[in-house]
Amino acid sequence: RRSWAEPYKIKMVEPVKMTTRKDREKAISEAGYNTFLLRSGDVYIDLLTDSGTSAMSDRQWAGMMLGDEAYAGSRNYYNLEDAVRQFYGYKYLVPTHQGRAAEHLISKIMISDGDVIPGNMYFTTTRLHQELAGGTFADVIIDEAHDPENEHPFKGNVDLQKLEDLIKKHGPDRMPYVSIATAVNMAGGQPISLENLQQVRELTAEYDIPIIHDMTRVAENAYFIKKKEPGYADKSVAAIVRQICDLTDGATMSAKKDALVNIGGFLAVNDREVFEEARNLVVVYEGLHTYGGLAGRDMEAMALGIEESVQEDHIRARIGQVQYLGDKLIGWGIPVVRPIGSHGVFLDARKILPHLSQDQFPAQTLAAELYLDAGVRAMERGVVSAGRNTETGEHNYPDLELVRLTIPRRVYTQAHMDVVAESVAEVFANREKISGLNMIYEPKYLRFFQARFERA
Ligand SMILES: CC1=C(O)/C(=C\N=C(/Cc2ccccc2)C(=O)O)C(COP(=O)(O)O)=CN1
């Protein structure tokens, strides 16, 4: 098998600083051992998130010069509407500044006090907006998704029995929609199969319950279907993306991921009434309905990013780079979530630091130690991210206590991946010496963004 390289060449570079261990000790303690509070200038390889951090193409940058900054009716809005209709098939578009804004609108419109919203594992902003609208999230993902070592190829699948039991327990009237995420982020970027999505569609259709699709990483999910689901090897990623979307009634999108922009998102629905209410609400919270908090140039870049996101060479290289890092760590016996997911490699902090209880924040600790070793920034995806139970006030203790090495699209080279792998291996070799953290500041909402810690 011959080697292959990225399907692009670099036209512009952004120099990054190599820091010293001493610099990093100072930086991480000033950041309260929270990688979100580090300055990017103190980070060498930034794997905090794939959100908004991807490199745009020359066509997208050219598109930025075509921004029609009219207040109303911008050309770029109509180009974006065309792209959403062509590639995703949804009828009506409401642009928003990013994904959580779309989650805010759809939750406000479709959720009433006491409703239950089933979904394939929680996502932090999605669940919060469901709760703020008076709803309660209910996890219906298959049990395998909560086991980091289980090699189920489609861990994003819905457990149809769990879903049906919930429908029977609460009744369809208390279920405004089922929330289906493609390439489930908190499970480790794990795809849902088309077969399972079709079964979810059949079940919900019996009770006339709509499906709202969190399509933030839909192209990556489509790639896994093409590679792993029988019968799709000869289908294009673009065709599989359409097939996924056509099984749902609407979608929230953070275009900052798959759609390759630094800011942008949208709500797209097929129901005229939901659209009219969203179009009305968007002017209250985001901006006029033809820009939704974005500049015209951002919408142009998003329309072009949507088109690029489903190109075979691009998505193969993108997933290939994540697999490359994952395979390297697996080869060195480092515990990671398997199968390797779509947008990053998830370190199993519970297995790497078994001597730390979740009350000592193992994932938070591991992310800080990784930064200290060589300036690689990762994200905590464990008990800190899981937040507190709204009833008991106790920590939610998730089975998955992970550190996410999230790979931005078209930014880093294979050499960067090698440096990251060696840094993880170095921390892993010294894991017994790692002690835990105490949380010394805890904000009310989405605490992981701003919480501060000190060494226990
Ligand atoms: C599946 C999915 C996402 O992954 C997503 C954002 N992800 C992010 C950004 C983030 C958000 C919250 C906590 C930590 C990091 C990621 O680092 O993974 C959003 C919100 O989109 P938004 O950030 O544009 O508002 C909706 N759905």
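Predicted model: local features only at pLDDT ≥ 70, side-chain atom pairs only at ≥ 80, totals over all residues.
1. Start with the overall layout. The domain assignment divides the chain into domain 1 (21–50 + 312–455) and domain 2 (58–309). The contact between them draws 34 residues from domain 1 and 44 residues from domain 2. Their C-alpha centres are 26 Å apart.

2. Where does the ligand lie relative to domain 1 and domain 2? It lies between them, because both domains give residues to its shell.

3. Next, the shell itself. The ligand is surrounded by 21 residues. T49, R100, D214, S254 and R404 are the closest of these. Three elements each supply two or more residues: helix 4 (99–110), helix 5 (124–132) and strand 11 (379–381). Which element gives the largest share of the shell? Helix 4 does, with three residues.

4. Some polar pairs are worth checking on screen. S254 places a polar side-chain atom 2.7 Å from an oxygen atom of the ligand. Q98 also uses a polar side-chain atom, at 2.8 Å from a ligand oxygen. G99 works through its backbone: an N or O atom there lies 2.8 Å from an oxygen atom of the ligand.

5. How much of the ligand does the protein bury? Taken alone, the ligand exposes 550 Å². The protein buries 96% of that area.

6. Now turn to D373. This residue lies in helix 14, which spans residues 362–374. Is D373 buried, partly exposed or exposed? The cut-off for buried is under 20% relative accessible area, and exposed means over 50%. D373 has 21% relative accessibility, so it counts as partly exposed.

7. The surroundings of D373 include residues from elsewhere in the chain. Leaving aside neighbours within four places in sequence, D373 is in contact with R21, R24, S423, E426 and V427. Take R24 as one of these contacts. R24 and D373 are 349 residues apart along the chain. Their C-alpha atoms, however, are separated by 8.4 Å.

Key:
Residues numbered from 1 in each chain as written. Heavy atoms only, no water. Helix = DSSP H or I, 4+ residues; strand = E, 2+ residues; numbered from the N terminus. Buried < 20%, exposed > 50% of the residue type's maximum accessible area, 1.4 Å probe, protein only. Contact = heavy atoms within 4.5 Å. Near = heavy atom within 4 Å. Polar contact = N/O pair within 3.5 Å; in protein donor to acceptor, adjacent residues only side chain to side chain. Areas by Shrake-Rupley, 256 points an atom, 1.4 Å probe, with all protein chains shown as cover. Domains from an automatic or database assignment.
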